Amino acid sequence: MINTYRIVITGTVQGVGFRPFIYALAQRYLVTGTVSNNSKGVVVVLNTDSITLKQFLIAIEYEYPPLATITNIDHEEIAFQPFNDFQIIETKEEGNVTVNIPPDITVCADCEAELFDPSNRRYGYPFITCTNCGVRYSIINDLPYDRCNTSMKFFEMCKACEEEYHNPLDRRYHAQPIGCHECGPSLSLWDKNEELRIKSEEVLDVASQLLSDGKILAIKGVGGYHLMCDATNEEAVKKLRERKRRPSKPFAVMVRDKEMARELGEINALEERLLTSKERPVVIVGKRASRPTGIAPNLSRIGIFLPYTPLHLMILDKLQRPLVATSANVTDEPICTNLEALEKLQGVYDYVLEHDRDIVNGCDDSVMMVVNDQQIILRRARGYAPVSVKLPFDLKHNVLALGANQKSTIAIGFRNEAILSPHIGDLNSIGSVAYYEKNIETLKRIYRFEPEVIVHDKHPNYESTKYALRQAQGTKNNQTANGTVTELVEVQHHYAHILGVMAEKQLNGKVFGVAFDGTGLGDDGNLWGGEFMICDYQGYERVAHLGYFKLLGGAKAIKEPRRVALSLLFDLYGEEALALDNHTTQAFSTTELRTHFIAWKKGLNAPLSSSVGRLFDAVASLLGLFK
């Protein structure tokens with residue numbers, strides 16, 4: 001007996017070829033009906049019998065497109081509707097948005113083959129893409145993920161692209177960033193004075209030659225600009241360090257392929273899988289001793305990643321050598337996403353390789369490493385974010401969680417789901433705070449989300465806390481659309497760390513949590529960071545902590561490890577420490593040592609801390625690694 005069924009599929013199911021996948025299934029099983037996107041995901045309405053329905057649902061569950069992730073499949077029988085065929089129909093808007101935002105993904109093997117095929121019409125097209133790869137989050141203004149809601153809306157498709165876009169059996173069906181040499185984005189090369197130098201099919205040849213000559217280029221990618229130079233050219237790397245004022249911090253290196261990666265690093269099987277994954281993160285691996293020392297000086301490890309855009313692929317294919325690829329940003333500010341922001345780095349780069357597709361949402365490179373055969377995300381960004389996290393409980397209200405002041409990120413939560421933003425960074429400048437607020441507004445806009453509760457860190461001087469206070473005051477003066485006033489919830493920093501792990505691992509009940517950290521304001525007014533807690537989702541008990549020590553000079557001690565080490569020496573030896581001869585005492589003059597001893601003894605500008613992070617700083621100073 002033929003009935004009408006409605007199937008709703010949620011997860012990352014838009015912009016990943018899900019509708020043409022359903023269309024192909026409908027042809028296979030000879031069913032009639034429709035498939036469309038809506039604010040929740042993908043909706044299928046079909047006429048079939050119960051046995052075919054089961055087969056159809058099994059095929060969805062096990063054969064879904066490679067970039068899709070399914071969180072739920074619901075189906076129900078509805079009132080009979082007559083259909084003559086099966087069609088992909090226009091997006092339907094209904095209710096709150098819950099569909100996941102698709103992240104940016106590397107170029108797929110099919111597109112890469114076409115990119116280097118002289119007989120293909122997209123040969124050498126630096127923005128080649130299809131439904132199975134390419135930009136997503138970085139170009140999205142709003143959901144549902146349709147071209148009119150992306151920065152590709154400014155590029156009118158040519159006839160050939162339009163035919164592909166509207167063909168359900170083509171792999172570029174509804175590929176929103178679709179384009180070609182005739183109708184898509186284009187490249188241009190500028191010098192540091194922003195005078196147009198070249199704009200033609202020769203631009204990549206010229207840019208590659210400049211890199212080969214030791215020049216530094218700011219190259220616009222997916223989520224922002226990279227500062228790039230020849231990684232094998234010691235002078236170019238040294239010049240980049242001097243100009244960027246980054247004397248020792250390691251640079252990430254982009255390589256053409258696995259073989260080139262192995263020339264730089266010791267790579268095991270799991271690290272190789274990460275390097276070649278569709279997310280293409282920077283992977284921290286063991287460094288080969290024979291490689292140039294300027295990339296990661298005095299370190300045994302190096303960060304390597306493979307090209308994830310056709311533009312990067314073409315440059316590396318021309319050069320056949322690794323490139324330094326570090327984020328183009330001023331210290332403590334977010335990655336630059338347009339020429340206006342890039343002006344702050346004019347003294348760093350020699351040329352700009354620009355393109356005219358706007359970056360709507362900036363997104364840095366993700367960073368990962370393998371520890372004891374486990375993948376550890378050090379920075380969740382491009383490819384891995386935004387991400388949906390299922391909570392082991394249901395939220396009673398819409399929650400905005402604001403993160404801390406360092407390595408910040410934000411999240412929105414509703415029902416049993418949290419949407420985590422990409423890595424934002426430290427909130428130490430006007431620019432970084434503006435970028436932070438933009439990320440909040442982006443998630444609120446896309447998910448049509450209005451917070452009823454704002455969760456913030458306990459520290460009153462964090463910029464995230466200040467933002468929470470401003471928002472709460474604003475809703476008191478001007479109530480939200482549903483008539484409620486935003487409630488503030490304060491959470492202790494290290495308790496929040498443990499809660500995050502509990503949510504990630506889906507833990508319920510009480511846990512014994514250990515939080516080793518840099519700093520976080522404690523309930524007693526001291527700076528915590530070596531905490532042992534018994535926790536659940538209702539609260540915590542601090543059952544133990546590392547012994548307190550004094551941070552000489554307060555916040556200065558965070559930037560100067562020698563101050564922490566000296567304080568510990570005073571703890572151990574008292575005034576006798578003034579006569580010690582080691583790397584730490586040698587870092588101070590006799591007068592400075594005496595002054596710091598008095599400050600330590602009297603507790604002048606010397607807050608107490610239990611931070612494990614500061615203890616690592618102290619050891620580094622005692623060993624002579626840092627001042």
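This is a predicted model: local features need pLDDT of at least 70, side-chain atom pairs count only at pLDDT 80 or more; totals for chains, interfaces and linings use all residues.
Student: Where does Arg 171, the salt-bridge partner of Glu 114, lie?
Tutor: The closest N and O atoms of Glu 114 and Arg 171 are 3.0 Å apart. Glu 114 sits in helix H3 (residues 109-115), so the bridge ties that helix to a part 57 residues away in sequence. Glu 114 is buried at 14%, while Arg 171 is partly exposed at 23%. As for the place of Arg 171, it is the loop between helix H4 (159-165) and strand E6 (187-191).

Student: Is Asp 230 buried or exposed, and at what relative accessibility?
Tutor: Asp 230 pairs with Arg 321 in a salt bridge whose closest N and O atoms are 3.0 Å apart. Asp 230 is in strand E9 (residues 225-230) and Arg 321 in the loop between helix H9 (310-319) and strand E14 (323-327), so parts 91 residues apart in sequence are tied together. Arg 321 is partly exposed at 26%. Asp 230, however, counts as buried because its relative accessibility is 3%.

Student: How many disulfides does a search of the whole structure find?
Tutor: A disulfide needs two cysteine sulfur atoms within 2.5 Å. The sulfur of Cys 363 is 15 Å from the closest cysteine sulfur, in Cys 336, so that pair is too far apart for a bond. Over the whole structure, the number of disulfides found is zero.

Student: Which cysteine has the sulfur nearest to that of Cys 148?
Tutor: Cys 148 is exposed, with 53% relative accessible area. Cys 148 is in no disulfide, and the nearest cysteine sulfur, 17 Å away, belongs to Cys 183.

Student: Which strand gives the most residues to the nonpolar patch?
Tutor: The patch on the surface is formed by Phe 512, Val 514, Phe 516, Ile 534 and Val 543, which together have about 460 Å² of accessible area. Val 543 is placed in strand E26 (residues 539-545) and is partly exposed at 39%. The most residues, three, come from strand E24.

Student: How far apart in space are Val 35 and Phe 18, C-alpha to C-alpha?
Tutor: Val 35 lies in strand E2 (residues 32-37) and counts as buried because its relative accessibility is 0%. Its contacts beyond four places in sequence include Ile 22, Val 43, Phe 86 and Ile 88. Val 35 and Phe 18 are 17 residues apart in sequence, and their C-alpha separation in space is 9.4 Å.

Student: Which peptide bond is cis, with omega near 0 degrees?
Tutor: Most peptide bonds are trans. Our exception involves Pro 386, in the loop between strand E17 (374-379) and strand E18 (387-390). The cis bond runs from Ala 385 to Pro 386.

Student: What is the positive phi of Asn 605?
Tutor: Most residues other than glycine have a negative phi. Asn 605 lies in the loop between helix H17 (590-602) and strand E28 (608-609) and is exposed at 55%. Although Asn 605 is not a glycine, its phi is positive, at about 45 degrees.

Student: At the start of H18, a side-chain oxygen of which residue reaches the backbone nitrogen of Gly 613?
Tutor: Helix H18 covers residues 612-622, and Gly 613 is one of its buried residues. The backbone nitrogen of Gly 613 has, within 3.1 Å, a side-chain oxygen of Ser 611.

Terms used
Residues are numbered from 1 along each chain as its sequence is written. Side-chain values use heavy atoms; hydrogens and water are left out. Buried means under 20% relative accessible area, exposed over 50%, partly exposed in between (1.4 Å probe, protein chains only). Patches are made of residues with over 30% relative accessible area and no salt bridge: like charges are joined within 9 Å, nonpolar side chains (Val, Leu, Ile, Met, Phe, Trp, Tyr) within 5 Å. Accessible areas come from the Shrake-Rupley method with a 1.4 Å probe; for residues, only the protein chains shown count as cover. A salt bridge is a side-chain nitrogen of Lys or Arg within 4 Å of a carboxyl oxygen of Asp or Glu. Helices (H or I, at least four residues) and strands (E, at least two) are DSSP runs, numbered from the N terminus. Contact means heavy atoms within 4.5 Å. A polar contact is a pair of N or O atoms within 3.5 Å; within protein, one must be able to donate a hydrogen and the other to accept it, and residues adjacent in sequence count only if both atoms are side-chain atoms.
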